[in-house]
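Please read them with the coordinates open.

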Amino acid sequence: MIYYIEVITLILYLLGFCAVLLGTGMFVDWWHKKHGIDDYDTGENEKHVSESERAYMESYMHNMKNDHHNGI
């Protein structure tokens, strides 16, 4: 009998922990929707992109365009 109570207590703690994580995520989501990015400079962002990231993105976009034209 005591074993079942311990298992139920553990399950309730895990459910509570999950609820806290979900609640925190929802709060952060709400906060960032309310206080979103108001101003950003695309030129400034481009300065901080590495060459490998730029090459990867250009290759990805090129392949996506080819896939679109080929009907994939």
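1. Arg-54 is partly exposed, at a relative accessible area of 28%. In this predicted model, its side chain forms a salt bridge with that of Glu-51, at 3.9 Å from N to O. That value passes because the criterion asks for a nitrogen within 4 Å of a carboxyl oxygen. Arg-54 and Glu-51 sit three residues apart in helix α3, so about one helical turn separates them.

2. The count of salt bridges is two. Lys-47 is exposed, with a relative accessible area of 63%, while Glu-44 is partly exposed at 34%.

3. Helix α3 covers residues 51-70, which is 20 residues. From its first C-alpha to its last it reaches 28 Å, close to the 28 Å expected at 1.5 Å a residue. Just after α3 comes Gly-71, with a positive phi of about 80°.

4. Overall, the protein chain has three helices and zero strands, in the order α-α-α along the sequence. The radius of gyration is 24 Å, well over the 11 Å that the globule rule gives for 72 residues, so the chain is more spread out than a compact globule. Along the principal axes, the C-alpha atoms fill a box of roughly 65 × 35 × 25 Å.

5. How many of the 72 residues count as buried, as a percentage? The figure is 0%; a residue would need under 20% relative accessible area to qualify. The accessible surface of the protein chain is about 7200 Å², and 65% of this belongs to carbon and sulfur atoms.

6. A nonpolar patch lies on the surface, formed by Tyr-3, Tyr-4, Ile-8, Ile-11, Leu-12 and Leu-15. Together these residues have about 700 Å² of accessible area. Tyr-3, one of the members, is found in helix α1 (residues 2-34). With a relative accessible area of 57%, Tyr-3 is exposed.

7. The aromatic pairs number five. In one of them, the ring centres of Phe-27 and Trp-31 are 6.3 Å apart and the planes stand at 35°, so the pair is tilted. Phe-27 and Trp-31 are four residues apart in helix α1, about one helical turn. Both count as partly exposed: Phe-27 at 49% relative accessibility and Trp-31 at 40%. Ring pairs also bring in Trp-30, giving a cluster of Phe-27, Trp-30 and Trp-31.

8. Asp-29 is also found in helix α1. Its relative accessible area is 45%, and it is therefore partly exposed. Between Asp-29 and Tyr-13 the separation is 16 residues in sequence and 24 Å in space, C-alpha to C-alpha.

Methods
Residues are numbered from 1 along each chain as its sequence is written. This is a predicted model: local features need pLDDT of at least 70, side-chain atom pairs count only at pLDDT 80 or more; totals for chains, interfaces and linings use all residues. Side-chain values use heavy atoms; hydrogens and water are left out. Patches are made of residues with over 30% relative accessible area and no salt bridge: like charges are joined within 9 Å, nonpolar side chains (Val, Leu, Ile, Met, Phe, Trp, Tyr) within 5 Å. Accessible areas come from the Shrake-Rupley method with a 1.4 Å probe; for residues, only the protein chains shown count as cover. Helices (H or I, at least four residues) and strands (E, at least two) are DSSP runs, numbered from the N terminus. Buried means under 20% relative accessible area, exposed over 50%, partly exposed in between (1.4 Å probe, protein chains only). The expected span of a helix is 1.5 Å times one less than its number of residues. The radius of gyration is taken over C-alpha atoms; the globule rule is 2.2 Å times the number of residues to the power 0.38. Rings of Phe, Tyr and Trp (its six-membered ring) pair if their centres lie within 6.5 Å; planes under 30 degrees apart count as stacked, over 60 as edge-to-face and the rest as tilted.
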